[in-house]
Amino acid sequence: MSEQVPPAPPLPTGGVKEPSLAPESRPGYYGAWGGAFIPEVLHETFRELTAAFAAAQADPGFWQEYARLMATYSCRPTPLTYCENLTRHFGGARIFVKREDLNHTGAHKANNVLGQGLLVRRMGKTRVIAETGAGQHGVATATMAARFGYRCTIYMGAEDVDRQRPNVFWMQKLGAEVVPVIAGARTLKDAINEAFRDWVGRMDDTHYVMGTVCGPHPFPAMVAWFQSIIGREARGQVLAQAGRLPARVYACVGGGSNAMGIFQGFLDEPGVQLVGVEAGGRGLATGMHAARIAGGHGSPGVAQGYKTMFLQDADGQMRDTHSVAAGLDYVGVSPIIADLAGRGRVRMEAATDAEVLAALDLAMKREGIIPALESAHAFVQAFKEAGSLPPEEAVVICMSGRGDKDIFTIANAFDDPSWKRFIRKKGEAYAAE
C-alpha cells in the first residue's frame with residue numbers, strides 16, 4: 001500500500017512555504033497575510049504546537065506513518081474520474097474529477113484531521129476540540145477521536161446544526177459532544193470563536209483541530225501540509241490518464257483547505273491555471289454571499305488570530321454571509337489563498353446558489369456522481385470554461401465531498417414533493433409516539 005501514496009517532499013514554492021518573505025524574518029506570513037495574533041495565555045501552547053509540527057515535518061517516519069494510516073484506514077489514494085459524458089456534453093477539454101468524496105467520512109477533511117490526530121498523540125494530549133460548518137470536519141474529527149481514543153467536543157453554529165442534522169447525528173453517535181453556538185450569526189465564524197474560548201481554559205490536555213488553512217500560525221501551514229496529499233496524487237493521476245498536465249484546476253474556497261490541497265500539486269507549473277470558486281450566494285450585488293476576493297468585496301483585517309481578507313464593514317465589524325453551502329459561508333479566507341490571489345497565481349471566481357444547484361443536477365444526471373454543495377461551486381466554473389478549451393486539453397475539478405449530507409437542503413431547494421411527503425409522514429409518526 002505504501003507504494004500508492006506519494007512521498008512528502010518539501011512544500012512547493014510559490015505560495016505555501018514563505019513565498020514572499022524568508023521564514024527567519026516573519027514566520028507564518030504569506031506576503032502581507034497570516035501571522036499569529038493571539039492572547040498571551042496561548043503563546044506557550046502555540047510554541048509547543050509549532051515545535052511539534054516542525055519536528056514531525058523533519059521526521060520522514062512521521063509522513064510514512066501518516067501515509068500508512070491514510071492507505072489502510074481512509075481509502076487513499078482516492079481516484080481521478082474521467083467524466084466522459086460531461087466532456088461530450090460541453091464539447092471541449094476532457095473533464096476529470098478528483099474524488100475526495102470517496103475518502104473516509106465522505107470528504108477531504110479526514111486528510112488533515114488524521115494527520116493532526118497523530119500529532120496530538122506525539123504531544124501527549126487526551127482531548128480534541130474543533131469547529132465545523134458543513135459538519136464534515138466535525139464528523140472527521142469525531143471519527144479521529146474514536147480511532148485514537150480522545151475525548152472530543154465539536155462547536156457548530158446553531159444555524160448549521162439545523163441544516164446539517166445528519167452530520168450532527170453521526171458526530172454524536174461517534175461519541176463527540178456537539179455544542180450549538182447561538183452567538184452572532186450562529187455559523188462557522190462563531191463556532192471558531194467558541195472553540196478558541198474552550199482552548200484557553202483547557203490548554204494542558206486539549207488540542208484544537210483547526211479544520212482549514214486559516215487561523216494563527218502554524219495552522220495554515222499544518223493543514224496545507226496534510227492536505228497536500230490530494231495534489232500529490234492528482235498530479236500523477238492526471239499525467240497517467242490524460243498524458244499531460246491539466247490546463248486548469250478548479251476547487252471551491254471557503255477557508256481553502258481542499259483548494260490548497262489540490263493546488264499544491266501544480267503550484268510550480270505556470271502553465272496550469274489554478275481557479276478558486278467562492279460562494280456567490282444570491283448574487284454579489286445583493287450582499288448575500290461569501291465572496292471575499294472575487295468581485296473585490298473583502299478588505300484586509302485581523303480576526304481569529306490572523307490577518308487576511310475579511311467581509312467587514314467600514315468599522316471593521318464582520319458582515320453576515322450567505323451560501324446554500326454551509327461550509328463556504330466563512331467570513332474570511334486562507335492567508336495563503338489571499339497571497340496567491342494577490343500575486344495572480346490563483347484566479348478567484350464566484351458561483352451563485354442557483355448556478356450551484358444547476359451544476360449539481362447536471363453532474364448527477366450525466367455522471368451519476370453527487371457533489372457536496374460546496375464542491376458543486378467548483379463544477380460551476382469548470383462547466384463555464386471547459387467548452388472553450390481544445391479537446392486535447394484536460395481540466396481537473398476537486399470534488400471535496402459528497403452530497404448526501406446536504407439531502408435536506410437539496411430536497412428543499414428542488415422543492416421535491418415526494419421528499420416533503422416523507423418528512424411529513426415521519427414527523428406525524430414521531431408526534432404520535
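The residues that line the largest cavity divide into 8 nonpolar, 16 polar and 4 charged. Here Ala, Val, Leu, Ile, Met, Phe, Trp, Tyr, Cys and Pro count as nonpolar, Asp, Glu, Lys and Arg as charged, and the others, Gly among them, as polar.

This is a predicted model, in which local features need pLDDT of at least 70, side-chain atom pairs count only at pLDDT 80 or more, and totals for chains, interfaces and linings use all residues. Residues are numbered from 1 along each chain as its sequence is written, and side-chain values use heavy atoms, with hydrogens and water left out.

**The cavities**

A search of the whole structure finds 3 cavities of 30 Å³ or more. A cavity is a set of points, on a 1 Å grid over the protein atoms alone, where a 1.4 Å probe fits but cannot get out; lining residues have an atom within 4 Å of a point. The largest cavity holds about 350 Å³ of space. Volume here is the space filled by probe spheres set on the points, which are joined across faces, edges and corners. The lining has 28 residues, and H108, K109, A134, G327 and E374 are the closest to the centre of this cavity. Strand 5 (127–132), helix 5 (136–148), helix 8 (188–201) and helix 10 (257–263) each supply at least two lining residues.

**The overall fold**

The protein has 15 helices and 14 strands. These are DSSP runs numbered from the N terminus: helices are H or I with at least four residues, strands E with at least two. The radius of gyration is 20 Å, close to the 22 Å that the globule rule gives for 433 residues, so the protein is as compact as a globular protein of that length. That radius is taken over C-alpha atoms, and the rule is 2.2 Å times the number of residues to the power 0.38. Along its principal axes, the C-alpha trace spans about 60 × 55 × 50 Å.

Of the 433 residues, 59% count as buried. Buried means under 20% relative accessible area, exposed over 50%, and partly exposed in between (1.4 Å probe, protein chains only). Contact means heavy atoms within 4.5 Å. Among contacts with a separation of 6 or more, 74% come from residues 24 or more positions apart.

**The cores**

In soluble globular proteins, nonpolar side chains tend to be buried together. A nonpolar core is a set of buried Ala, Val, Leu, Ile, Met, Phe, Trp, Tyr and Cys residues joined through side-chain atoms within 4.5 Å. The largest one has 100 residues, and W199, Y208, I262 and F263 touch the most other members. Helix 9 gives the most to this core, with 12 residues. Beyond its neighbours within four places in sequence, I262 is in contact with K98, I230, G231, A234, V249, A251, V396 and C398. A second, separate core of 35 residues includes Y250, L360, I369 and A376.

**Backbone details**

C75 is not a glycine, yet its phi is positive, about 65°. C75 lies in the loop between helix 2 and strand 3. At 48% relative accessibility, C75 counts as partly exposed. T105 is also a residue other than glycine with a positive phi, near 75°. T105 sits in the loop between strand 4 (94–99) and helix 4 (109–123). At 12% relative accessibility, T105 counts as buried.

Terms used:
1 Å grid on protein atoms, 1.4 Å probe; cavity = no way out; pocket = protein on both sides within 12 Å on 5 of 7 lines; lining within 4 Å.
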